[in-house]
Amino acid sequence: MGLVARLVRKCRARSPWILLFDTGACNACDIEVAACLTPRYDVERFGTLLRGSPRHADILVVTGPVTRQSRDRIIRIYEQMPEPKYVVAAGTCATSGGVYWGCYNTYPGLDSVIPVHAYVSGCPVKPEAVLMALSILLEKIEKVEV
Amino acid sequence: MKVPGYFLAEALRNLFKKRATILYPYREVDKIHLPEGFRGKIEFDRSKCIGCQLCFRVCPAKAIKMIEDEKGKRPVFFIYRCIYCGQCAEVCPTKAITLGKAFENIALRKEDLEVR
Amino acid sequence: MIWKILEALIFPGAVFILTVSLFYEWIDRKLYARLQNRVGPHLAGPFGLFQPAADFIKLLSKEDIIPAAADRFLFTLTPILAPTLILLGCMFLPVAGLNGIVSFNGDLIVIIALMSFCTITIYLAGEGSNNRFASIGATRAALQLIGYEIPLTLALLCAAISTGSLSLRGIVEAQMANGTWLIAGPQLIGFAIFVVASQAEMERIPFDIPEAEQEIVAGWSVEYTGRRLGLFRLTKDLELFLLSGLGATLFLGGPLGPLIPGLEPLLHTIYFLAKSILVLIVFTLVRTVFARLRIDQMISFSWKYLMPLAIFLVIITEVIA
Amino acid sequence: MSFEVPIGPQHPIHVEPLMLRLKVEGELIIDVDVDVSYIHRGIEKGLEVRTYLQGLYLAERICGICNCAHSLCYCLNVEQLLGKEVPPRANYLRIIVEELSRIHSHLLWIGHYFHTLGFETLFMYFWRDRERIMDMIELITGNRVITSYNVIGGVRRDITPEIESKLRKTIEYVRERMNYYDKVIDSEPSLLGRLQGVGVLKPADAISLGTVGPHLRASGIKHDVRLDDPYSGHDEVPFNVVTYDTCDCYARVKVRMGEVLESLNMISYALDNLPSGDYRLKIPPFFKAPEGESLSRVEAPRGELVHYSISNGGMNPYRYKVRTPTLANLLSVAVMLKSKGDYEVYIADVPAILGGIDPCICCTARVIITDEVKKKRRVTTLTELERYAREREVRKS
């Protein structure tokens with residue numbers, strides 16, 4: 001692998017801009033992911049910025065069970081993001097639907113809709129777990145294993 | 001009283017204060033707040049389990065499945081479905097199920113999130 | 001000739017300016033984070049020093065998307081035009097020595113014109129991407145220009161009047177001859193106006209109205225991806241360098257300071273950078289302690305308070321000079 | 001020339017998927033339509049296929065931020081069905097955790113509100129101080145956000161003297177910070193410019209639109225379920241109802257700031273007068289509720305929360321209905337967002353006004369009108385809902 005390719009990979013792993021999308025979560029995972037931005041956890045240490053536009057983002061953090069109404073939206077947002085892109089399913093609901101079994105309007109997990117690169121279980125996820133997941137994912141991005 | 005930039009003094013004071021950040025995944029691992037009784041990942045003691053199926057029946061997230069092994073019935077826990085409510089630990093008559101402190105249940109493949 | 005080209009390209013030209021402006025973004029972000037009791041970027045290089053560079057290289061390597069509805073010509077042109085204009089403006093700054101790389105009588109006016117052109121480029125960039133948020137952002141950018149442009153020009157003009165020269169070199173020389181910096185005196189008001197108006201020029205809090213994230217997503221840059229976005233971010237960094245350098249030159253004496261014979265270019269550079277970092281810190285402090293204004297509040301603020309203050313300052317400067 | 005600006009479902013104004021279709025003329029908003037259906041999960045139907053115990057955990061996850069209020073309301077409802085009375089110590093513990101989660105919710109909201117107004121630094125400080133409260137909630141209940149503290153028949157854990165002393169220290173810290181932030185909000189002109197005179201809702205309008213909670217109290221009307229219909233021992237713990245009469249976004253911030261201080265006082269009082277004794281009734285995991293219906297009301301951080309259930313004597317409820325405060329408050333947003341006469345609303349005011357009601361969409365999306373004739377399901381838009389509310393108002397009077 002060339003020097004330039006290694007530099008680019010390293011830069012990708014040092015500057016992950018995230019986009020947060022809620023597909024029907026109970027808000028708990030949202031506020032915990034948002035808490036990562038704040039002084040106690042400060043995800044900007046990793047070079048992360050929270051972006052509003054999918055066009056600017058590298059990592060899509062999805063919380064909540066995918067509802068029927070938001071299914072098309074999440075696919076559209078995923079397609080609007082430029083390559084290379086990664087998806088993190090934060091929380092039990094996003095990984096599998098969790099407690100919302102038997103509700104007629106939810107899908108069983110995010111991976112039935114779009115590809116997922118990292119699963120974080122927790123109800124809600126602790127902010128530390130989000131940080132850990134990010135650091136694991138970034139290590140893998142640097143080594144091109146995802 | 002309107003004072004533009006009233007906040008400046010406080011901001012400057014914080015500039016010289018110690019940071020509030022915990023440098024968690026790399027350093028200062030011991031500083032994170034994990035109190036006694038934190039509800040983390042399920043820990044299961046096979047030798048205590050009597051196969052009563054109570055945990056399977058109360059689980060609000062259907063995260064528990066009963067299987068048969070050489071010693072009889074036992075539960076399997078799917079951590080990717082678990083909502084960490086602790087109800088299974090509460091109803092377990094022999095305390096075979098306890099909630100540990102592991103909260104970083106992260107996997108790149110979904111199948112890795114299982115407790116057997 | 002070769003020497004001149006090297007000067008324009010390497011030091012104190014393009015490469016030096018780009019490096020320093022990335023470094024300035026790091027200072028801005030790190031100080032902002034520290035003021036908020038956080039750490040800020042710390043993984044990319046020592047103390048996260050290479051964070052802006054990592055962002056830039058990552059953006060260069062990302063997929064490049066041109067939306068079907070966008071105007072291809074504007075979508076391609078504006079990301080190149082914007083950093084070029086500001087980089088050209090930076091060439092006039094007296095970074096190493098009393099002269100910029102290019103220096104002539106009236107270069108202050110050219111800098112002001114280049115900054116306005118940059119805003120017009122941004123307007124075109126927003127309108128060219130044919131998105132509702134982008135066009136609202138672009139309109140706001142153009143509207144904001146009406147608000148801050150005149151006070152900014154007047155503040156810079158006052159510095160020119162009080163030193164009797166329209167070139168940066170002339171202003172620096174007049175400060176050298178006087179022995180005091182311009183900020184000591186009535187030009188302190190000019191510096192204040194300059195700081196406020198340049199916050200608007202750089203689209204930072206409290207005047208980050210054209211790209212207000214919580215209102216119109218990312219404003220005019222909402223559709224730009226990959227290297228186009230990277231170039232726009234670079235424009236912001238260069239603007240940071242240009243405006244803090246301009247403030248340092250006009251009001252803080254630019255490259256002036258005690259000199260040791262033989263080391264003049266080096267010392268000039270160090271003095272210039274130190275003073276412009278001082279101005280940068282003021283910019284960051286302003287960004288920390290205010291909330292975002294509304295566009296109508298911003299316009300009325302600049303016409304009700306900034307404009308009369310600037311005109312008043314022009315009169316005072318004229319009387320004294 | 002007017003054109004439509006869609007805000008949402010993915011928009012940094014609000015992390016939850018909410019669709020605001022704004023009709024704007026330049027920067028002025030002339031019309032608005034709200035669609036909250038992106039988050040409809042079908043919880044009420046889901047509750048009907050779960051046992052009462054499993055339902056508790058689903059009810060808790062209607063909303064993550066006000067989970068304490070939801071689980072408390074559910075527990076009160078089921079206890080009422082069963083005809084059980086919880087021990088007094090459990091009541092006090094419930095109040096402590098409820099008020100802690102109210103403080104956490106209000107701090108979160110104020111911080112996020114300033115974030116949407118572009119005041120990043122204050123957002124960071126508020127959330128930094130909120131972490132202290134989160135630590136306390138984690139210490140008492142075992143989890144940061146979703147507490148699972150209230151169970152049918154009491155609470156899950158007791159409070160130890162060690163926790164109590166830590167809690168008292170935190171209360172003092174937060175009270176001191178709140179008094180400082182109060183001064184900041186009153187003296188920063190750029191912030192006041194964005195808050196004062198924005199989103200005015202007159203008391204008469206507030207009542208006719210059926211708003212609840214801090215949003216209603218910011219219009220100067222003294223209404224609080226804790227006072228009007230005390231539940232879970234709230235009649236024993238004294239507190240003041242904070243009201244403010246400027247009726248704008250500034251009042252909404254001030255009311256919530258005041259409520260944080262009130263809640264801190266309530267926690268101190270509850271800690272001082274904590275009755276001894278049992279904290280939980282023994283209730284088996286599987287039980288059948290007697291036939292009947294019950295309704296419970298709780299003052300959630302966002303306002304009045306109502307749970308209603310019908311039981312036909314089985315293991316699970318026959319019908320369960322939840323009415324959340326944000327649904328009641330959203331109607332007023334549509335009214336406040338429209339420019340009328342000299343009342344002008346800019347696009348920049350959308351975060352201030354929408355944020356002002358503390359929207360919690362995940363509570364809300366449960367209005368689906370089923371057309372029996374055409375066999376079509378459709379989600380009501382807010383305008384229709386507003387019209388419906390107005391017509392009902394007319395019919396009543």
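Okay, let's start with one residue: B:Lys62 is partly exposed, with a relative accessible area of 48%. Partly exposed is the middle class here, between buried (under 20% relative accessible area) and exposed (over 50%), worked out with a 1.4 Å probe and the protein chains only. Before I go on, some housekeeping. This is a predicted model, where local features need pLDDT of at least 70, side-chain atom pairs count only at pLDDT 80 or more, and totals for chains, interfaces and linings use all residues. Residues are numbered from 1 along each chain as its sequence is written, chains are lettered from A and ligands numbered from 1 in the order in which they are written, and side-chain values use heavy atoms, leaving out hydrogens and water.

Back to B:Lys62. You'll find B:Lys62 in the loop between α2 and β2 (64-69) of chain B. When I say helix or strand, I mean DSSP runs numbered from the N terminus: H or I with at least four residues for helices, E with at least two for strands. Most residues other than glycine have a negative phi, and most peptide bonds are trans.

B:Gln53 is another non-glycine with a positive phi, about 70 degrees. B:Gln53 sits in the loop between β1 (42-44) and α2 of chain B, and with a relative accessible area of 23% it counts as partly exposed.

Now chain B as a whole. It has three helices and five strands, and from the N terminus they go α-β-α-β-β-α-β-β. How does its radius of gyration sit against the globule rule? A compact globule of 116 residues would be near 13 Å, but chain B has 22 Å. That radius is taken over C-alpha atoms, and the rule is 2.2 Å times the number of residues to the power 0.38. The C-alpha atoms of chain B fill a box of roughly 75 × 35 × 25 Å along the principal axes. Buried residues make up 51% of the chain.

Over to chain C, which has 12 helices and zero strands. Why do we say its radius of gyration fits a compact globule? Because 321 residues would give a value near 20 Å, and chain C has 19 Å, which agrees. The box for its C-alpha atoms is roughly 60 × 45 × 45 Å along the principal axes. Of its 321 residues, 63% count as buried. Look at contacts too, meaning heavy atoms within 4.5 Å. In chain C, residues 24 or more positions apart account for 78% of the contacts with a separation of 6 or more.

Next stop, chain A, and strand β3 (residues 86-90), where five of five residues are buried. In a regular strand the side chains alternate between the two faces of the sheet. Both faces of β3(A) are covered: A:Tyr86, A:Val88 and A:Ala90 are buried on one side, A:Val87 and A:Ala89 on the other. Strand β2 (residues 59-63) of chain A pairs with β3(A) in the parallel sense over five bridges; pairing takes at least two bridges found by DSSP.

One runs from A:Glu83 to A:Pro84, with omega near -10 degrees, and A:Pro84 lies in the loop between α3 (68-80) and β3 of chain A. Another joins A:Cys123 and A:Pro124, with omega about -5 degrees. A:Pro124 is in the loop between β4 (118-121) and α5 (127-142) of chain A.

Last one, chain D. Strands β2 (residues 19-25) and β3 (residues 28-35) run antiparallel, joined by seven bridges. They form a hairpin with two residues between them, and D:Gly26 in the turn has a positive phi of about 65 degrees. D:Leu20 has D:Val34 in β3(D) as its bridge partner.

What lies 297 residues along the chain from D:Val34, with C-alpha atoms 9.0 Å apart? That's D:Leu331, in helix α12 (residues 325-336) of chain D. D:Leu331 is buried, with a relative accessible area of 8%.

And helix α2 (residues 52-60) of chain D is mostly covered, with nine of nine residues buried. Its buried residues pack against elements of chain D, including α3 (67-82), and also against α2 (54-58) and α3 (87-91) of chain B.
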